[in-house]
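Please look over the sequence and the model below before reading on. The paragraphs that follow go from the whole chain to single residues.

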Amino acid sequence: MKKQMSSSKSLKSGSTKGRARTKRAGKRPAGRGARPKVITWELRLYVAGNTPNSIAAFSNLKQICETHMGGRYRIEIIDLLRSPQLAGGDQIIAIPTLVRRLPTPIKKIIGDLSNTERVLIGLDLKPALKS
């Protein structure tokens, strides 16, 4: 603590040595600072085979993610024709259905996701600024 006080005294007197020392003392070692938590979006898209609606939903979702999530997302495609038992876990009653697992709370959007504005509202995302 005495070192901090002497640094602040040097700082008040206008010494450049004290300033440099104060700045270095205030820095934290790499990897130890409080960093903002990066949110990774976990999304599940329930589809039924390669139907036009399923393909459109995936294409629209991919476009929305690239535009508004900055690469911080993971999409899991679940084909209910191959694994129908998986529909019960997220209580899927229609397809295609998008389920946002993370960040919480869980959200669901039914349809081909062609209305970007409604999808953004449904996912609690702010629309990107228009240029």
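What pLDDT does the chain average, and what share of the residues score at least 70? The average is 78, and 66% of the residues score at least 70; pLDDT is the predictor's confidence in each residue, from 0 to 100. Over residues 1–29 the pLDDT is below 50, and this stretch has eight contacts in the model beyond near neighbours in sequence, a contact being heavy atoms within 4.5 Å. Where pLDDT is low, the predicted coordinates should not be read in detail. This is a predicted model, in which local features need pLDDT of at least 70 and side-chain atom pairs count only at pLDDT 80 or more, while totals for chains, interfaces and linings use all residues. Residues are numbered from 1 along each chain as its sequence is written, and side-chain values use heavy atoms, with hydrogens and water left out.

The chain has four helices and four strands, in the order α-α-β-α-β-β-β-α from the N terminus. Helices (H or I, at least four residues) and strands (E, at least two) are DSSP runs, numbered from the N terminus. Of the 131 residues, 26% are buried; buried means under 20% relative accessible area, exposed over 50%, and partly exposed in between (1.4 Å probe, protein chains only). Among contacts between residues at least 6 apart in sequence, 62% join residues at least 24 apart.

Helix H3 covers residues 52–68. At 1.5 Å a residue its 17 residues should span 24 Å, and the end C-alpha atoms are 24 Å apart, so the two agree; the expected span is 1.5 Å times one less than the number of residues. Which residues of H3 are buried? They are Ser 54, Ala 57, Leu 61, Ile 64, Cys 65 and His 68. These residues lie on the same side of H3 because they cover an arc of only 95° around the axis, the arc being that of the directions from the helix axis to the C-beta atoms. Pro 52 and Gln 63, on the other side of H3, are exposed. The buried residues of H3 pack against strands E1 (41–47), E2 (73–79) and E3 (97–102) and against helix H4 (116–122). Just after H3, Gly 70 has a positive phi of about 55°.

E3 and E4 form a hairpin with four residues between them. Their pairing is antiparallel over four bridges, where two strands pair if DSSP finds at least two bridges between them. Leu 98 stands opposite Ile 109 in E4. E4 (residues 107–110) also holds Ile 110, which counts as exposed at 54% relative accessibility. Not counting residues up to four places away in sequence, Ile 110 touches Ala 94, Pro 96 and Thr 97.

Leu 113, in the loop between E4 and H4, has a phi near 60°, a positive value in a residue other than glycine. With 4% relative accessibility, Leu 113 counts as buried. Asp 124, in the segment after H4, likewise has a positive phi, near 60°, and is partly exposed, with a relative accessible area of 49%.
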